[in-house]
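Please have a look at the model first.

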Amino acid sequence: GLPKGPLAVLVGPEGGFSEEERADLHARPFVTALPLGPRILRADTAAALGDWRPRRVDGSGRGCLSFLPVVEGRCGMSDGQLLGEGARRLGWLDAVRAAACLMVVLLHAASPATAQKWTGAEPALAWHVANVIHAMTRIAVPLFFMISGYLYLSREDFPLGRRLARVLVPLVFYTVIAAAYRDATGPDQFSKVLFGAFTAPAFYHLWFFYTLAILVVFFALIRPRAIDPLAGIAISLAILFLFGSSAEYIANVTFGFQSAFAEVRGPMEAMVFCFLGYFCGRLDLDRSRFVRPPVTIALFVGGWAVAALGTLYISLAAGAPKTAYYSQGSPFVAISAIGLFLALRQAAPTSRLLGLVATYSLGIYGFHAFVMASIPPAWTGWAGQVGAIGVRFALALAGALVLSVLVGLVDRKRWLV
């Protein structure tokens, strides 16, 4: 039922609350959702119904009203803002989405430098620069999983069909593009690549959609327990320490055997990052002393530094590049991702560039790999190995953004971009 005392009524805007706004409201324990039936009401009509105080409330959360207790003349939002989180979508969820999108493009722009074989005992300058970039940007895909986990797990209802379609439709779209690209630029036949996508991604970056589809089905069956967010973060990190990529590396190098979790490690790590996003999104930033801006920034930079220095150490020891420290399931990547996620949630930066990248983040992720693979070597060779990283990043980002905007002119509902 509704809490006793004064209440504030939150009425959805024209078109309804966004997915992020609904997830944020459902995640707050003092918010009660009140369904008003299947009809779509005008905002003023819905507001008038707020005067009605029912004795029983259906908590399905499908309605357009949300009741919040009023304490000392203010709504019970932790930050004292009734519409603050929703109005500042760009300031936190969209900022995280934009940061992850920019990072994944920069990550792939630096990959050629890290993939080069060493000609001597010491790597070239381009490898050192790329190592620092990789250590920072390897959190890109984990951040995407954290965003998905926060949105998926914060809702009481979970429309499996729609969620799954939101993953499979862009997967099919970019798989067709990948098949056409490989048919046009290499010996692979369009039909062979297309049917091969049932067993493996048609292009290297499309694996994300396969994993996300598995997680969508999983989260339709499993819901998180109501535990303290800090405890949830600690448990998630412990799982990565014990069963993630670092544990696999230690087991293989130190003891000479493969971990029993190797076959399921990828989806398991992605699931852990989804839970990390859920718990980080539920943290009360005003009350927790452990998530102040200096701490979150230190987590981001500290995880980044350990990943870079650790990678340098094991690579020099082996005489060849080794990436265990900044693999997706590395706890140092997780710590850095947590730090940036919380730092952006606190700072809520806003800019037109972030807004544009966040709006077309799906399209940028889908198109950038094809654009980057199409860049002629002559376009980057003039800048040297280090400068080529920046040139590839700029060209891939600009090309993917232009293609996303063009597709968006047709795809009004943003299923593809």
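I will begin with how to read the model, and then turn to the helix and its packing.

This is a predicted model, in which local features need pLDDT of at least 70 and side-chain atom pairs count only at pLDDT 80 or more, while totals for chains, interfaces and linings use all residues. Residues are numbered from 1 along each chain as its sequence is written, and side-chain values use heavy atoms, with hydrogens and water left out.

Helices here are DSSP runs of H or I with at least four residues, numbered from the N terminus. Helix H16 covers residues 361-373, and its 13 residues should span 18 Å at 1.5 Å a residue, which agrees with the 19 Å between its end C-alpha atoms; the expected span is 1.5 Å times one less than the number of residues.

How many of the 13 residues of H16 are buried? The number is 11, with buried meaning under 20% relative accessible area, exposed over 50% and partly exposed in between, for a 1.4 Å probe and protein chains only.

As for the neighbour, H7 and H16 pack at about 10 degrees with their axes 11 Å apart, and are therefore roughly parallel, a term for angles under 35 degrees.

Notes. Helices (H or I, at least four residues) and strands (E, at least two) are DSSP runs, numbered from the N terminus. Axes are lines fitted to C-alpha atoms, for helices over the stretch in contact, and angles run from 0 to 180 degrees between N-to-C directions. Angles under 35 degrees count as roughly parallel, over 145 as roughly antiparallel, 65 to 115 as roughly perpendicular and the rest as oblique.
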